[in-house]
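Colleague: I have just opened this structure. Could you take me through it, please?

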Amino acid sequence: MVDWPEITRIQDGSFARTRFFWVRHAPVRNDGGRIYGQRDLSCDCSDGHVFVALARVLPRDAVWVASNLRRTHETARAIWAADRNKFAGLKFQEIAALAEQDLGEWQGLNRAEFFSNRKPTPGSFWFAPADERAPGGESFADLVARVRTAIANLSEAHRDRGIIAVAHGGTIRAAIAIALDLTPQAGLAFATDNCAITRLDFYAGEGGQGWRVVSINHQPWEGLAEVQPAGPEIARPEHQKLV
């Protein structure tokens with residue numbers, strides 16, 4: 001059985017440890033080359049070995065949550081189906097605050113054309129700098145703010161538990177920025193590949209509170225023939241990548 005290593009030992013009873021296992025949804029294949037953001041598209045869960053690997057390493061007794069978008073629901077159910085004995089009878093709580101960034105009027109635009117009309121910026125392959133709000137939508141900084149509230153609520157409701165949160169690339173980048181106390185812009189520097197796990201532990205007690213980053217973008221199927229690279233919502237088209 002594969003288990004997660006304990007990176008550090010804190011005095012027993014001094015802190016409650018709430019473990020967040022963030023899982024990005026499986027790849028979206030039916031976007032037609034268009035920006036989808038919060039559009040409710042399905043994902044491709046056909047790579048069975050990926051879900052077997054996820055089922056093997058994710059904890060049995062965790063609380064499951066997902067965004068309000070179907071691709072996270074489909075991903076969670078594909079993990080459960082990969083080990084029906086381990087995850088029998090589970091349900092997830094749907095939390096809209098864990099949805100991808102609302103890209104407003106950019107949603108539905110041709111992705112390649114969108115990027116061809118924007119200046120590439122070093123260190124980020126997102127749609128815009130963190131403080132730029134999409135017309136009729138959100139900025140990445142807005143996303144960080146709502147994810148911060150969701151994490152605080154989950155930490156309070158499920159103190160000292162494991163929480164498996166099936167979410168989105170932007171959502172997970174926001175969670176990393178929060179754990180590391182980074183600016184929203186700095187949070188955009190992280191890769192969050194499809195189906196990869198990011199493990200962030202929150203410690204709280206009389207001595208204060210803080211985060212420990214256990215892993216980022218862990219792919220438990222690594223070494224196998226196929227990988228799940230970052231999907232198009234966080235990967236700039238090849239002709240637009242910086243050299």
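Modeller: Let us begin with helix H1, residues 48-57, where Val50, Phe51, Ala53, Leu54, Ala55 and Val57 are buried. Buried means under 20% relative accessible area, exposed is over 50%, and partly exposed lies in between, with a 1.4 Å probe and protein chains only. Helices (H or I, at least four residues) and strands (E, at least two) are DSSP runs, numbered from the N terminus.

Colleague: What kind of model is this, and how are residues numbered?

Modeller: This is a predicted model, in which local features need pLDDT of at least 70 and side-chain atom pairs count only at pLDDT 80 or more, while totals for chains, interfaces and linings use all residues. Residues are numbered from 1 along each chain as its sequence is written, and side-chain values use heavy atoms, leaving out hydrogens and water.

Colleague: Back to H1: what covers its buried residues?

Modeller: The cover includes helix H2 (70-82) and strand E5 (197-205). Contact here means heavy atoms within 4.5 Å.

Colleague: And how many residues has the largest nonpolar core?

Modeller: That core has 34 residues, and those with the most contacts inside it are Trp22, Val65, Trp106, Phe127, Phe140 and Ile151. A nonpolar core is a set of buried Ala, Val, Leu, Ile, Met, Phe, Trp, Tyr and Cys residues joined through side-chain atoms within 4.5 Å.

Colleague: Which elements give two or more residues to it?

Modeller: They are strands E1 (15-24), E2 (63-66) and E4 (162-167), with helices H3 (111-116), H4 (140-157) and H5 (169-179). The largest share, 7 residues, comes from H4. A second, separate core of 28 residues includes Val23, Ala62, Ala76 and Ile197.

Colleague: Is E4 mostly covered or mostly open?

Modeller: E4 is mostly covered, with 6 of its 6 residues buried. On one side these are Gly162, Ile164 and Val166, and on the other Ile163, Ala165 and Ala167.

Colleague: Which strands does E4 pair with?

Modeller: E4 pairs with E1 in the parallel sense over 6 bridges, and Val23 stands opposite Val166. Four bridges join E2 to E4, also parallel, and Trp64 stands opposite Ile164. Two strands pair if DSSP finds at least two bridges between them.

Colleague: A new topic: why does Asn217 count as buried?

Modeller: Asn217, in strand E6 (residues 208-218), counts as buried because its relative accessibility is 17%. Leaving aside residues up to four places away in sequence, Asn217 touches Ala191, Thr192, Asp193, Ala196, Ile197 and Thr198.
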